[in-house]
Amino acid sequence: MMAETLTPEKFRALSPAQFFARYREIAGFSNPTRALYQTVRELVENALDATDSHGILPNIKIVVRQSPTNPNHYIISVEDNGIGIPPQHVPNAFGRVLYSSKYVLRQTRGMYGLGVKAAIIYGQMTTGNPVEVVTSTRGSKRIYYFKLRIDLNKNEPIILERGSWRKVRDWHGTIASITIEGDWSRAKRYIIEYIRRTAVITPYANIVFVAPDGEIYYYRRSIDKLPLPPKEVKPHPRGVDLELLKELSRNTTKISVKDMLVNAFQGLGDKTAEEILRLSGIDPRKEPKKLTEKELTKLANVMRGIDLEIIQRLRDSTKESKVVDMLVKGLVGLDKKTARRMLKEKNIDPDKDPKQLDEKELEEIVSALSKIYPRIRPPTAEALSPLGEDIIKAGLQRVFEPEFVEAVTRRPRAYQGHPFIIEVGIAYGGKVPVSYRYPILLRYANKIPLLYDEKSDVSWKVIERINWEHYKVSFPAPILVLTHVCSTKVPFKGVGKESVADVPEIERELRLALRDVLRKLRTYLLHKIKEMEKKRRIVILTRYVPEIAHNLAIILRDSMGHDNVEPLLREKLVEAIASRIGLEKEKIFEIIANVEIGI
């Protein structure tokens, strides 16, 4: 009887636009304060990607103004001098969720093609107003205008108005205006801080921000050097998964599996591809479309290769009671005889319980397997666009005018087949605010300032574990640390893109980079301490120069009849001090003039 009264389940599908309209907090639009900040951020990031990634020195203008019809509504407009958007792509670029130019393998500020569309959806839901876009591409003779909404049910753009006119000046770029419900009084400090941090990371940009209360913030370009723009690259074999291989095998025009691999992936030549297929038990001449799911799974496992993380996971999940059986069952292409020989060469008992393996033994196994499994070249760094040490130092100088500034850009590394580069900058003194326990931390990922969720970020984890006293930093101190993670796939902890996950490879590079700049800071601070000690000794010595010269002059006058020798005696005493300490006489006389006798 009870079963008959239960309401039957209803099933339905949601379009991507409906999904993000319903769960907008996933994209950072949880309340009016966060939404206003997030909208500014998404528009500014798009503007910068349209400029510096294409070799254009950015001129960015941001205007946030209160709606004349509703005090809770704000109109956010961002103008750039970038490459512009071809008019045929404008409706989809602003009116279709998950439609973007960023779905390629290269470093960009945006990752999901979602941000601006999420802001537009939020604006539609809270104000009912459409987005307005003005754009013109380089070389075009016309400027185009669109007024758009998003059809949430169909995930399609609705064009309300469109037009074009002939250019009267050589302008190219995009102006996007979105009206949303916001809370300026609460969002103000986040937006101003976001723009300030953007100015730090882009000293090559002119940035103007006009706030609703009429305040104008202007950051003038301080360096004409741009980061090298990223290039689109092929995927790396270490980052492959089963679904990618399935798609490749369905859509490839190549007639053999070997040719498909060589053509589709970076770092694979004929010889390496043949070795991968041998370990996978696949005929290199086989037609890709005829590969079974079992063969594709084997192929994906071999291509991902063997590293410490894989062996650790194998150890923790295996049900085998012997190391040799764990390896043979867990790894494709490895026979028992080879596994036993390999383990004995590394002085590891093949019959040992896998759960008893320590870290050193695991590393030995990885080392041995690298001789059996194909060695694939690391991912190319051409897809990345690091800032470089000069730009980081110029940005810190522009905003904080520190007495000491240093930066380091580490060599390219990879995690799970994704290339990344870590950069760290440090600033001390000047206009750097005083911090009381840990340094002020400026976090960036692909040149995006990260303001929220600081304590959950891998950079904070590294900062916490540094012994600051070892580097002569005693808190409170005016010290600031900048961290920048650039990658084709930054491991963010959520769609809001506010904190980076603690991937071991990234954590290690951050730690090494921070130690590098801290060693240079330690050298500077030690020199500063020595200079302060030298000055203290000079003050002590020079404090008595006038009095000693005066008393000696009296003695010489009374005993030998010499008069007016006090200036000469003072000169000789200063020369003696200067010779002993290695300081110019003029500096010592300057100190004497500022010292009161008897203090």
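The paragraphs below go through this predicted model from the whole chain to single strands, helices and residues.

Because the model is predicted, local features need pLDDT of at least 70 and side-chain atom pairs count only at pLDDT 80 or more, while totals for chains, interfaces and linings use all residues. Residues are numbered from 1 along each chain as its sequence is written, and side-chain values use heavy atoms, with hydrogens and water left out.

The chain holds 20 helices and 14 strands; both are DSSP runs numbered from the N terminus, with at least four residues for helices (H or I) and at least two for strands (E). Of its 599 residues, 49% are buried. Buried means under 20% relative accessible area, exposed means over 50%, and partly exposed lies in between, using a 1.4 Å probe and protein chains only. Accessible areas come from the Shrake-Rupley method with a 1.4 Å probe, and for residues only the protein chains shown count as cover. Among contacts with a separation of 6 or more, 72% are between residues 24 or more positions apart; contact means heavy atoms within 4.5 Å.

An open sheet of eight strands comes next. Its order is S5-S4-S3-S6-S2-S1-S7-S8, and the pairing is mixed. Two strands pair if DSSP finds at least two bridges between them. Strand S5 (156-166) and strand S8 (216-219) stand at the edges with a single partner strand each, so one side of each has no neighbour in the sheet. On average, neighbouring strands of this sheet are turned by 10 degrees against each other, direction ignored. Axes here are lines fitted to C-alpha atoms, for helices over the stretch in contact, and angles run from 0 to 180 degrees between N-to-C directions.

S1 and S2 run antiparallel and share six bridges, with Arg65 opposite Ile75 in S2. A hairpin through six residues joins S1 to S2. S1 is also joined to S7, by five bridges in the parallel sense, and Val63 has Val210 in S7 as its bridge partner. The hairpin of S7 and S8 has five residues between the strands, and Gly214 takes a positive phi near 90 degrees in it.

What lies across these strands? Helix H6 (residues 184-201) lies across S1 (59-66), S2 (73-80), S7 and S8, and runs at about 170 degrees to S7. In a regular strand, side chains alternate between the two faces of the sheet. In S8, Tyr217 and Tyr219 form the covered face, and Ile216 and Tyr218 the uncovered one.

Strand S11 (residues 418-428) is another place to look. Here 11 of the 11 residues are buried, so the strand is largely enclosed by the rest of the structure. Both of its faces are covered, with Phe420, Ile422 and Val424 among the buried residues on one side and Glu423 and Gly425 among those on the other. S11 pairs antiparallel with S9 (residues 404-409) over six bridges, and Ala407 stands opposite Gly425. Three bridges join S11 to S10 (residues 413-415), again antiparallel, and Arg413 has Phe420 as its bridge partner. The hairpin of S10 and S11 has two residues between the strands, and Gln416 takes a positive phi near 50 degrees there. Nine bridges join S11 to S14 (residues 479-487), also antiparallel, and Glu423 stands opposite His484.

Lys520 lies in helix H17 (residues 504-542) and counts as partly exposed because its relative accessibility is 36%. Leaving out residues up to four places away in sequence, Lys520 touches Phe404 and Glu406. Lys520 and Ala407 are 113 residues apart in sequence, and their C-alpha atoms are 9.6 Å apart.

The last stop is on the surface. Leu14, Phe19, Tyr23 and Ile26 form a nonpolar patch there, with about 290 Å² of accessible area together. Patches are made of residues with over 30% relative accessible area and no salt bridge, joining like charges within 9 Å and nonpolar side chains (Val, Leu, Ile, Met, Phe, Trp, Tyr) within 5 Å. A salt bridge is a side-chain nitrogen of Lys or Arg within 4 Å of a carboxyl oxygen of Asp or Glu. Phe19 lies in helix H2 (residues 16-22) and, at 33% relative accessibility, counts as partly exposed.
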